[in-house]
Amino acid sequence: MNLFGHFQQIVRAEIAGLSHSGKLPLGLDLTRIVVEPSREAAHGDLATNAAMVLAKSAAMPPRAIAQLLVERLAGNRDIQSTEIAGPGFINIRLKVAFWPKLLSSALALGQRYGSSTLGAGEKVNVEYVSANPTGPLHVGHCRGAVFGDALAELLAVAGFSVTREYYVNDAGAQVDVLARSAYLRYREALGEDIGEIPSGLYPGDYLKPVGQALAYDHDKALLDMPEAAWLPIVRDRALAMMMDLIREDLAALNIRQEVFISEKSLHETGEVERTVEDLRSRGLIYEGRLPPPKGEPPEDWEDREQTLFRATQFGDDIDRPLIKSDGSYTYFASDIAYSRHKIMRDFKELVYVLGADHSGYVKRLEAIGAANAGNRDVKVIVRLCQLVKLYRGGEPVRMSKRAGEFVTLRDVVDEVGADVVRFMMLYRKNEAPLDFDFKKVTEQSKENPVFYVQYAHARISSVFRNAGAAAEAVENADFSRLGDDAELQVIRRIGEYPRVIEAAAVAHEPHRIAFYLYDLASDFHALWNKGKESPQLRFILGSDMQTSLARLALLRVIRYVLANGLGILGVKPVEEM
RNA sequence: GACCCCGUAGCUCAGUUGGAUAGAGCAACAGCCUUCUAAGCUGUGGGUCGGGGGUUCGAAUCCCUCCGGGGUCGCCA
């Protein structure tokens, strides 16, 4: 139950009632009416903008509409009082008896509290990481990986049917480079001194195991072959091993995508060709010339007739080439095929998570989605993740540009742990740059949000350990015994959770969950601290079993919400620290 | 030259998709404290929301424009 949505429906129903009884005009547009949490406790629990939104179309002063609405709302069994404020806000205060109902329902739902049916099972495809399979993931992939994974989980909790997907770029020239690099390591594994890795090839040590595997499987057989013969063999082996490496890196971050789509397979199965033919038959492909790019003077610009896709017809800045000068398809061509492939699998929403350096791809991805969708209702949503800057104790971590010296995703995870990486990557809006300080993120102090949230969960767990068997009866707790300001504050916060989930899902912004958890933890810690000064506010009272039970039940609900929210972020809640 | 993102307290950032007197955490200042789990608590001060114009009952939020920072811009992937 989303209590704000619930009261929004009530407000809309009352407006409709007023229309039918002739006090307001018929046919008012109710869609802009919202019921929100009050920003200040002094304003009550809920506020609605209904009167102001309707003023114009009803041709009445907002406060007059508010007056009509307030009279109708007075009859609601959950509403204690209402007041008209400012330009026409209606502040609503709920009866004290309402909150126990909310807590009981949350307690009964347990870990499912907050889940929503908003998505109505709609099929959503979330594609993220999709790094080239030419080596281990580096730290730059970290943020997109975590963001995509959390977004997918968020959408799932919000009732969408989510598929987590990885697009394997195994068809371009870079995998041939991979193969040649691996071939060198193969010769090395057979005892040859290969010297320095030539520039243009991948120098990383991570290819040594590939060379050894090839040597084990083929002994010296590949040495006598011409490149055309060994290259496919080496390439396939190297690709498979690189993808295993990448999957291990992702697993270290607790990311396990269920679908991997190979670009090469899109070519081999004729998907690319079919897509191009399809577009051609719809008149979306033509032969033409592109203007040279502005800015950097083009060095090897060759003005030639190309096979172009009419991307501009779908909002892109320029039409895009489909066929390279050597006659093979461009990467963009397989991109279109991949988009079509997703749509054919009946996804209604295609989410792409990209690094900020790919911002130039947003329009063309939207364009190909629109072109492939035709008259189907398919949304394309691209989310960009800004860069992460690494620090250690305030000092920037230098990454030498010399080949092979980069910080890998694995380095970061091994040093600070997956939970810390995940939380910190999500404790910032995705399009804002992020500073990641190895030292600060592992500090056990209030200034560290990961710790702060985890600590709340651990503290609650600790209370339950202390409560022992007494906690077993929380199901029968009488929540009406709770009434302190600090308790009501945290209860109201709990009431917001379902709304936060839905809003975050609609906006595709998992960071809102992280900030919410911080606020909830903050409310909880405040409650805890209050018990230090006022012993009667402690959770376990030897003298008052019923109140203790109510408080333990409240703690249990808080813990459910913390665990649920951390689950969306992919962070494990801890029992003790 | 074009497009995208960012600009909010001294610092790092939120801001419920257009709502009321713009909020947190650091830092600063003033008190308190030794614990149901130690990694402390409470309070105070701090703002031309980059500048200007517009849209309307109402703008940090939407539109235009300018300034500043970052990114991207043909056949690579």
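Which backbone oxygen does the side chain of Gln-257 reach at 2.9 Å?

A: A word on the basis comes before the details. This is a predicted model, in which local features need pLDDT of at least 70 and side-chain atom pairs count only at pLDDT 80 or more, while totals for chains, interfaces and linings use all residues. Residues are numbered from 1 along each chain as its sequence is written, chains are lettered from A and ligands numbered from 1 in the order in which they are written, and side-chain values use heavy atoms, with hydrogens and water left out.

The side chain of Gln-257 reaches the backbone oxygen of Tyr-128 at 2.9 Å, and the backbone oxygen of Glu-165 is also reached by the side chain of Gln-257, at 3.3 Å. Gln-257 itself sits in the loop that runs between helix 8 (227–252) and strand 7 (259–262); helices (H or I, at least four residues) and strands (E, at least two) are DSSP runs, numbered from the N terminus. With a relative accessibility of 7%, Gln-257 counts as buried, a word that means under 20% relative accessible area, whereas exposed means over 50% and partly exposed lies in between (1.4 Å probe, protein chains only). If neighbours within four places in sequence are left aside, the residues in contact with Gln-257 include Tyr-128, Val-129, Arg-164 and Leu-250, where contact means heavy atoms within 4.5 Å.

Turning to the charged pairs, the structure holds 38 salt bridges, each being a side-chain nitrogen of Lys or Arg within 4 Å of a carboxyl oxygen of Asp or Glu. In one of them Arg-187 pairs with Glu-192, and their closest N and O atoms are 2.8 Å apart; Arg-187 is partly exposed at 25% relative accessibility, and Glu-192 is partly exposed at 35%.

Another salt bridge joins Asp-419 to Lys-572, with the closest N and O atoms 3.9 Å apart. Because Asp-419 lies in helix 14 (residues 418–426) and Lys-572 in the segment after helix 18 (545–569), this pair ties together parts that are 153 residues apart in sequence. Asp-419 is buried, at 16% relative accessible area, while Lys-572 is partly exposed, at 48%.

Asp-519 and Arg-493 also meet through their side chains in a salt bridge (3.8 Å, N to O). Since Asp-519 belongs to helix 17 (residues 511–533) and Arg-493 to helix 16 (residues 485–507), the pair ties together parts that are 26 residues apart in sequence.

Definitions and conventions. Polar contact = N/O pair within 3.5 Å; in protein donor to acceptor, adjacent residues only side chain to side chain.
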